[in-house]
Amino acid sequence: MSATVTEDTGTGGVVGTRMRRREDPALLSGEARYVHDIVVPGALHMALVRSPYAHARVTSVDVSGALGMPGVVAAFSGTDLAQEWGSPMPCAWPVTADMQAPPHLPVALNEVCYAGDAAAVVLATSQAEAQDAAGAVAVTYDELPAAVDLEDAAGDRVLAHSDLTSNRAYTWELTPDPAAVERAFDGAAVTVKERYVQQRLIPAAMEPRGVCVVPQPFGGEYVVYSATQIPHILRTMLGITAGVPEERIRVVAPSVGGGFGSKLNVYAEELLCLALARRLRKPVRWSEERSEAALATIHGRGQIQEIELAADADGHLQAVRVRLLADMGAYMQLVTPGVPLLGAFLYHGAYDVPAYSFTCTGVFTNKTPTDAYRGAGRPEATYAIERAMDALARKVGVDPAEVRRRNLIGADKFPYTSAAGLVFDSGEYERALDAVLELVDYQGLRADQASRRAQGATRLLGIGLSSYVEMCGLAPSRVLASLNYVAGGWEAATVRMLPTGTVQVVTGATPHGQGHVTSWSMIVADKLGVTPEDVEVLHSDTAVSPLGMDTYGSRSLAVGGTAIALAADRLVDKARLLAAHRLEVAPEDLELSGGQFSVRGTPSTGMTIGALAFEAFTAHDLPEGMEPNLEASATFDPTNFTFPFGTHVAVVEVDTETGKVDLVGYSAVDDCGNQINPLIVDGQVHGGIVQGVAQALFEEAVYDDHGNLLTTTFTDYLVPAASEVPSFSLGRTVTPSPSNPMGVKGIGEAGTIASTPAVVNAVVDALSHLGVEDMAMPVTPERVWRSIGAAAPGTGGGR
């Protein structure tokens, strides 16, 4: 059976059709190779000795017990490896000039600062032997008090690092017009002040992390296989931190089983495998186990949010003011301090707000470091404003849909300069709201809700809305520079047509589930007039694709896809010149259709682009100054972000006797600009919704008072299954972005951004007539039951 099935949407090409993903047969049949599948004879297996304490001095490390174990080749303490590092582990986003960033080494020297911090490392001939021997390393710890609670840590009662004078890493403020904010609140007829907690989340990619470093026999070169989202960035950071010349490092990301931001990092294990392979001149590998991942891979979210709204008597917003405490964890990982700031410009949401103030204080705790997790700052921002908008609706006495309608940015105001200083590219926000309300039969749901309440039903209906706009296509290098981010945001691509007429695409974007091979082949197929099956996409190997900024922030299509489209256009331009030379006509007299250049008015006179590729390869008769072969490259650095938007509606049933919440309906209308493949768009929205629902109802990384993580397995950390979510009803509006030639925006994070507040708003909405106005996440049955009892004793809930 063909791996590619398309549905013709009448566009005349494959772009815009629902083509099945070309990657899936290999992934589903077991033919894809992940890091763990790579066979490297003679490789040593690495295991880490991780601290059982959240905070302790390391007084001694004795590896002799491990060295006597079967299969053990070497064992090292942090002191043994101290000379291996050219610099501490990298943080690429020093958000303020005075930001504190305690040195973070792959193996701790004298102090461990979270449960899971490495204190020693063991190498053996098998993974089992390495893990057994790790248990024989004797580390003596002097336990210290741990800073665990975020607010307590912000008060510096206990310091997370003994050499710090304060746990406060930085304070970052964005208040373009302080006087306007004060005037708005002083004169407001209605104010709302809310406090929300973004609980920590544990990324749970299907494939845990893995690394394998293979030293090459000559030249001091290393091949690094890593389950990473960022092979190009990783290569650079490995060179800086391990002191290996970058040109001697080749990073390969083979098939990667999901990332969601958790593999957008430079981890201790990658650095250790490289340093130990260099030291021992042997291949070194490490495979993460699931419970280890809960400790050693970054966590997401971790914020306390205070948001205030100022509005007139009719609920029209006049100002938004936000204060955040953001949990950095014990150390700064690659973009840890910047993650809260990715939402800093969006706490006013999709609304026309005249005045705005945002302040974030980053705080160290003795917990696993936080970093980017699907949405990275934007789900947090959307949660705060969308929860607060429902609170405003209750205070003003209007329907939640109506309060949003009164405040959404009008279509006639785009491009819209927000009070936070961003320029929103394009949008029809009210159109998306209207579309989803029609999709769910909003008035019918409200009637059903009222009927159940009137009948005294114990299964109550709740309807929750979430209107969002997100800043993605993370790219403009000058904007990133203004935010003190150390790297750029461009993307590179090469398109070449081989002599036989097939095509190779080389991209710096690195897929881990997004369907890049399919989407990129569709773009090029339409540009060149070939079939997607004739396009090979090469990626995720720095020897094949030496230039790239990788995949995160819903940037792949808007930046990487655009670079590919531009390179394909340049190839067509070169082919046009060659065709004009061969046909003895002016280039402007030629048109390309279906892979054939023909002379306008005489379609029978022409040449196929495939034939031109062979002509360019032989180079027997090229125009003066033309180089052989049909190949072109492009690097794209957009001038602005892109701004997808939409409205989601969640429908829940809440059992007042047990507190159980069932998500019984979910509808979404999203606008991601022009769509390359609507089937892939649907899949991205589906997955995003489930991850957002997971935060709302199921997932939470729980620590005890001593900093011990209690949720290290899926028995304790609840990840939803397909049986726990309904079928989704999806709709689209299309508002092309002017920020790139294809008019595309981004969709990979939209579902996660919108769904969490929609679900929690739905639960509160179901119980609002009982006096429930807030609900902490995750919304567990016990929390619901206790909230009902606290708000309205005798209605079924308890204390």
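Predicted model: local features only at pLDDT ≥ 70, side-chain atom pairs only at ≥ 80, totals over all residues.
Strand E2, residues 56–62, is joined to E6 by 6 bridges, and the two strands run antiparallel. E2 and E6 belong to an open sheet of 3 strands, whose order is E4-E2-E6 and whose pairing is antiparallel. The edges are taken by strand E4, residues 111–112, and strand E6, residues 138–143, each of which pairs on one side only.

How many of the residues of E1 are buried? The count is 6 of the 7, so the strand is largely enclosed by the rest of the structure. To E5, strand E1 is joined by 6 bridges, and these two strands run antiparallel. Leu48, for instance, has Val121 in E5 as its bridge partner. To E12, by contrast, E1 is joined by 2 bridges, and here the strands run parallel. The bridge partner of Leu44 in E12 is Val284.

Further along the sheet, strand E9, residues 210–215, and strand E10, residues 222–226, run antiparallel and are joined by 5 bridges. Cys212 has Tyr225 in E10 as its bridge partner.

I now move to a pair of helices. In general, the packing of two helices is described by the angle between their axes and the distance between the axes. Helix H15, residues 556–583, packs against helix H16, residues 609–618, at an angle of about 80°, and their axes are 10 Å apart. H15 is therefore roughly perpendicular to H16. Which residues of H15 meet H16? They are Leu571, Ala575, Leu578, Ala579 and Arg582, and on the H16 side they meet Ile609, Leu612, Glu615 and Ala616. By class, this contact of H15 with H16 has 7 nonpolar residues, 2 charged residues and no polar ones.

The next topic is the aromatic residues. The structure holds 14 aromatic pairs. In one of them, Trp172 and Phe345, the ring centres are 6.1 Å apart and the planes stand at 70°; the pair is edge-to-face because its angle is over the 60 degrees required for that class. This pair links distant parts of the chain, 173 residues apart: Trp172 is in strand E7 (residues 168–174), while Phe345 is in the loop between strand E14 (317–329) and strand E15 (355–364). Are these two residues buried or exposed? Trp172 counts as buried, at 13% relative accessibility, and Phe345 is buried with a relative accessible area of 10%.

A second pair brings us back to H16. Phe614 and Phe617 form a tilted aromatic pair, with 6.0 Å from centre to centre and 55° between the planes. Both lie in helix H16, 3 residues apart, which is about one turn of the helix. Phe614 is partly exposed, with a relative accessible area of 44%, and Phe617 is partly exposed, with a relative accessible area of 44%. There is also one aromatic cluster formed by Phe414, Tyr416, Phe424, Tyr429, Phe643 and Phe645.

I close with a glycine. Gly692 is located in helix H17, residues 678–697. At 0% relative accessibility, Gly692 counts as buried. Which residues does Gly692 touch, leaving aside those up to four places away in sequence? The contacts are with Thr752, Ser755 and Thr756. Finally, the C-alpha atoms of Gly692 and Gly375 are separated by 9.8 Å, although these residues are 317 residues apart along the chain.

Conventions. Residues numbered from 1 in each chain as written. Heavy atoms only, no water. Axes fitted to C-alpha atoms, helices over the stretch in contact; angles between N-to-C directions. Helix = DSSP H or I, 4+ residues; strand = E, 2+ residues; numbered from the N terminus. Parallel < 35°, antiparallel > 145°, perpendicular 65-115°, else oblique. Contact = heavy atoms within 4.5 Å. Nonpolar A, V, L, I, M, F, W, Y, C, P; charged D, E, K, R; others polar. Pairing = 2+ DSSP bridges. Phe/Tyr/Trp six-rings, centres within 6.5 Å; stacked < 30°, edge-to-face > 60°. Buried < 20%, exposed > 50% of the residue type's maximum accessible area, 1.4 Å probe, protein only.
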